[in-house]
Amino acid sequence: MVVPLYNEESVIGDVLRRLRSTFPNVVVVDDGSSDGSAEAARTEATWLLRHIVNRGQGAALQTGTEFALARGAARIAHFDADGQHRVRDLLEMSRLVASGDCDICLGDRFADGAKEVPRGRRLLLRAAVLFHRVASGSELSDVHNGLRVLSRRAAERMEITADRMAHASEIVDLVTNSNLPVRQVPVRIRYSEYSRGKGQRWTGGFRVLLHYLVGRIFG
Amino acid sequence: MSPFQWILIGVLGATLGANVFATTTRRLAPGTGVLFAILLVVGILAAIDPDRVTRVANAVGIQRGADLLLYLLVPSTIAGFLAMYVRLRRVRREMTIVVRRLAQLEAEPGGRIGSEEVAGNDGHDASP
């Protein structure tokens, strides 16, 4: 379990406690938080890795994934630190990868109608899906869901080079080009006041798009 | 010549001198040094005799020397920005690799390290 962490001091303790009730091995990557997030995570984490300066969520995920692989992980899961994902969804996804049903299992918040997704965010995410359908030939129906489980061989093949939020788009390309079995599983996202306050806005969406396009042009 | 021309020639000349020094002492790549030197010499010649630029402009079908300079300035500025951006991206990526490696080398066992650290002990473990 890889949890990228950045300034989530008020929620990270509860998130990790929920996770650890089902998943005992949690690698937390503190991405240069300026609050007490790392200290709050230390007691509940199995391993705590710290970026000495902020490098973005993509960089933190790659750091944790490499660390987990080096320690012999059979599967790698990515789980957001703000508490918006459900452990039961992760459990189901993990079982699918463990059973060999797929190598890459991605959360899909739209499979059940996405009633809980705020309207503005739904439009933004739908636009992202459409963009990737055209730009990458992706058939995924939720391209910016941070909940994912990878088999060891899938994780070994994926190298996230987009440091910041464009990593989600990069992962879509990596998934599309991996030729590994992929499944999307219906998941629910908890949109609390807290997570809404921290989520992507339209301006952020354009920034992600710009970083993604620049990354594709310049490598 | 006007005072502005003298100032411009002085600035360009000093830059040329610094460029030659940086190139000969290998602080600047030879190719880059020669390119900068050519541009600076052309700039000095243009400052000494602005009509020369107009004659060159006329030769390529442009009426004024100032227009020729503008047309050359726009693509070269864009190319300069792109080159710097690519370099900045490379430096950022190298910085991330260093930060990542440091984080991995200095990984701290958390409060829950112990028997659970054996992978797969719960049958549905998705972690190291």
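How much area is buried between chain A and chain B, and what percentage of that area do carbon and sulfur atoms give? The area buried between the two chains is about 3300 Å², and carbon and sulfur atoms give 55% of that area, where buried area is the accessible area, taken with a 1.4 Å probe, that two parts lose on being put together, summed over both. The structure is a predicted model, in which local features need pLDDT of at least 70 and side-chain atom pairs count only at pLDDT 80 or more, while totals for chains, interfaces and linings use all residues. Residues are numbered from 1 along each chain as its sequence is written, chains are lettered from A and ligands numbered from 1 in the order in which they are written, and side-chain values use heavy atoms, with hydrogens and water left out.

**The interface between chain A and chain B**

- In the interface, 42 residues of chain A are in contact with 31 residues of chain B, contact meaning heavy atoms within 4.5 Å.
- Three residues, A:Asn25, A:Arg55 and A:Phe218, supply 18% of the area that chain A buries against chain B, which is more than any other three residues supply.
- Nine residue pairs are in polar contact across the interface, with both residues at pLDDT 80 or more; a polar contact is a pair of N or O atoms within 3.5 Å, and within protein one atom must be able to donate a hydrogen and the other to accept it, while residues adjacent in sequence count only if both atoms are side-chain atoms.
- On the side of chain A that touches chain B, at least two residues come from each of β3 (47-51), α3 (57-70), β4 (75-78), α4 (87-98) and α9 (202-218) of chain A, the helices (H or I, at least four residues) and strands (E, at least two) being DSSP runs numbered from the N terminus.
- Helix α3(A) gives the most to this side of chain A, with seven residues.
- Sorted by kind, the residues on the side of chain A that touches chain B are 20 nonpolar, twelve polar and ten charged, where Ala, Val, Leu, Ile, Met, Phe, Trp, Tyr, Cys and Pro count as nonpolar, Asp, Glu, Lys and Arg as charged, and the others, Gly among them, as polar.
- Strand β3(A) pairs in the antiparallel sense with strand β1 (residues 108-109) of chain B over two bridges, and two strands are said to pair if DSSP finds at least two bridges between them.
- Within this pairing, A:Leu48 stands opposite B:Glu108 in β1(B).
- The count of salt bridges between chain A and chain B is one, and a salt bridge is a side-chain nitrogen of Lys or Arg within 4 Å of a carboxyl oxygen of Asp or Glu.
- The side chains of A:Arg42 and B:Glu108 meet in a salt bridge, at 2.6 Å from N to O.

- Side chains of opposite charge can pair when their charged atoms come close.
- Over all chains, the structure holds twelve salt bridges.
- One of them joins the side chains of A:Asp30 and A:Arg50 at 4.0 Å from N to O, and this pair links distant parts of the chain, with A:Asp30 in strand β2 (residues 27-31) and A:Arg50 in strand β3, 20 residues apart.
- A:Asp30 counts as buried at 2% relative accessibility, whereas A:Arg50 is partly exposed at 30%; buried means under 20% relative accessible area, exposed over 50%, and partly exposed in between, with a 1.4 Å probe and protein chains only.
- The side chains of A:Asp103 and A:Arg153 meet in a salt bridge at 2.7 Å from N to O; because A:Asp103 lies in the loop between α4 and β5 (104-108) and A:Arg153 in helix α6 (residues 152-157), the pair ties together parts that are 50 residues apart in sequence.
- A:Arg109 forms a salt bridge with A:Asp142, their closest N and O atoms being 2.8 Å apart, and both residues are buried, A:Arg109 at 4% and A:Asp142 at 2% relative accessible area.
- A:Asp14, A:Arg17 and A:Glu44 are linked in a network of salt bridges.

**Chain B**

- Chain B has four helices and one strand, and from the N terminus on its elements run α-α-α-α-β.
- Of the 128 residues in chain B, 23% are buried.
- B:Asn19, in helix α1 (residues 3-24) of chain B, is buried with a relative accessible area of 7%.
- Leaving aside neighbours within four places in sequence, B:Asn19 is in contact with B:Leu28, B:Gly33, B:Phe36, B:Ala37 and B:Leu40.
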